[in-house]
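Let us start with a term and then look around.

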Amino acid sequence: MNGLAIAPGVMLWREKFSKDEQTALLQDVRARIEAAPFYRPVMPGSGNPFSVEESNLGTLGWVSDKSGYRYQVTHPVTDAPWPAIPDALMTLWREIANAPDPECCLVNLYRGPARMGLHQDKDEQALSAPVVSVSLGDEALFRIGGTSRKDPTRSVKLSSGDVVMFGGPARLAYHGIDRIYPGSSSLIPGGGRINLTLRRVTG
Ligand code: MD3
Ligand code: FE
């Protein structure tokens with residue numbers, strides 16, 4: 001598998017996707033996203049907007065609105081079913097995840113000052129399956145801690161083409177994106193970072 005074990009349950013593959021593969025994957029994702037445009041979710045309760053824009057691919061999409069976080073089969077703005085997950089991502093998952101096929105590919109778009117605060121991913125029933133993340137475009141400063149918010153954290157810079165898998169003891173680890181580095185990659189026209197997060201949702 002050739003990955004690097006960077007912490008218990010965390011595997012990192014630097015540039016798992018070559019430059020040409022990144023370009024092809026980005027084009028595939030963009031073509032699919034035309035039918036499921038990026039939108040800006042809001043926080044449950046407060047209604048404060050996220051700094052990232054989001055969309056999903058797959059049979060279930062993760063959404064956030066004033067009433068809460070949930071998975072649903074349709075886009076919250078267009079009400080259309082989400083487009084399918086690209087073949088390259090299904091192939092990646094089957095190669096490394098050792099779990100039933102993913103149902104959700106959350107697509108996060110970071111531009112300028114966008115970030116993502118420290119949080120756990122726990123809206124899935126399938127906590128025995130790992131989460132697999134693919135980074136495209138500008139570099140990001142990723143932070144991961146333990147299963148308690150008070151646990152110490154480590155920071156790792158993620159670059160375009162990198163793949164990270166979080167399973168076992170890391171599946172419920174706190175994590176977030178502190179910042180992106182504008183101008184660090186020319187992959188995305190106009191700059192920015194796209195993160196593709198693959199998840200199995202149902203048990
Ligand atoms: C560690 N996204 O969408 S991906 C998210 O780069 C999210 O957009 C970040 O966190 C991003 O929920 C980080 C890396 C990631 C994803 C899921 C995890 C790390 C994780 C689940 C458990 C532990
Ligand atoms: Fe997360």
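## A term to begin with

A residue is called buried when its relative accessible area is under 20%, and exposed when that value is over 50%. With that cut-off in hand, Phe50 counts as buried, and so does Trp62. Please keep in mind throughout that this is a predicted model.

## Overall build

The chain holds two helices and 13 strands. Its radius of gyration is 16 Å, close to the 17 Å that the globule rule gives for 203 residues, so the chain is as compact as a globular protein of that length. The C-alpha trace spans about 40 × 40 × 35 Å along the principal axes of the chain.

How much of the chain is buried? Of its 203 residues, 51% fall in that class.

## Surface and charge

The accessible surface of the chain amounts to about 9300 Å², and 53% of this belongs to carbon and sulfur atoms. On the charge side, there are 22 positive and 21 negative side chains. The centres of these two sets lie 7 Å apart.

## Aromatic pairs

A pair of aromatic rings is described by the distance of the centres and the angle of the planes. The count here comes to three aromatic pairs. One of them is formed by Phe50 and Trp62, with 6.4 Å from centre to centre and 45° between the planes, a tilted arrangement. Phe50 sits in the loop between helix 1 (19–33) and strand 3 (53–58), while Trp62 belongs to strand 4 (residues 61–65), so the pair ties together parts that are twelve residues apart in sequence. Ring pairs also bring in Tyr69, which joins Phe50 and Trp62 in a cluster.

What about Phe142 and Phe166? Their ring centres are 5.6 Å apart and their planes meet at 55°, so this pair is tilted. Phe142 is part of strand 9 (residues 140–144) and Phe166 of strand 11 (residues 163–166), so here the pair ties together parts that are 24 residues apart in sequence. Both Phe142 and Phe166 are buried.

## Around Leu198

Leu198 belongs to strand 13 (residues 193–199). Is Leu198 buried or exposed? Its relative accessibility is 0%, so Leu198 counts as buried.

Which residues touch Leu198, leaving aside its neighbours within four places in sequence? Its contacts are Ile85, Leu89, Leu92, Trp93, Pro102, Cys104, Cys105, Pro130, Val131 and Val132. Take Pro130 from that list: Leu198 and Pro130 are 68 residues apart in sequence, yet their C-alpha atoms are 8.7 Å apart in space.

## Two positive phi angles

Most residues other than glycine have a negative phi. Asp79, although not a glycine, has a positive phi of about 65°. Asp79 lies in the loop between strand 5 (68–72) and helix 2 (87–96). With a relative accessible area of 56%, Asp79 is exposed.

Asn98 is likewise not a glycine and has a positive phi, of about 55°. Where is Asn98 found? Its place is the loop between helix 2 and strand 6 (104–110). The relative accessibility of Asn98 is 77%, so Asn98 counts as exposed.

Definitions and conventions. Residues numbered from 1 in each chain as written. Chains lettered and ligands numbered in written order. Predicted model: local features only at pLDDT ≥ 70, side-chain atom pairs only at ≥ 80, totals over all residues. Heavy atoms only, no water. Helix = DSSP H or I, 4+ residues; strand = E, 2+ residues; numbered from the N terminus. Rg over C-alpha atoms; globule rule 2.2 N^0.38 Å. Buried < 20%, exposed > 50% of the residue type's maximum accessible area, 1.4 Å probe, protein only. Areas by Shrake-Rupley, 256 points an atom, 1.4 Å probe, with all protein chains shown as cover. Lys, Arg positive; Asp, Glu negative; His and termini not counted. Charge placed at Lys NZ, Arg CZ, Asp CG, Glu CD. Phe/Tyr/Trp six-rings, centres within 6.5 Å; stacked < 30°, edge-to-face > 60°. Contact = heavy atoms within 4.5 Å.
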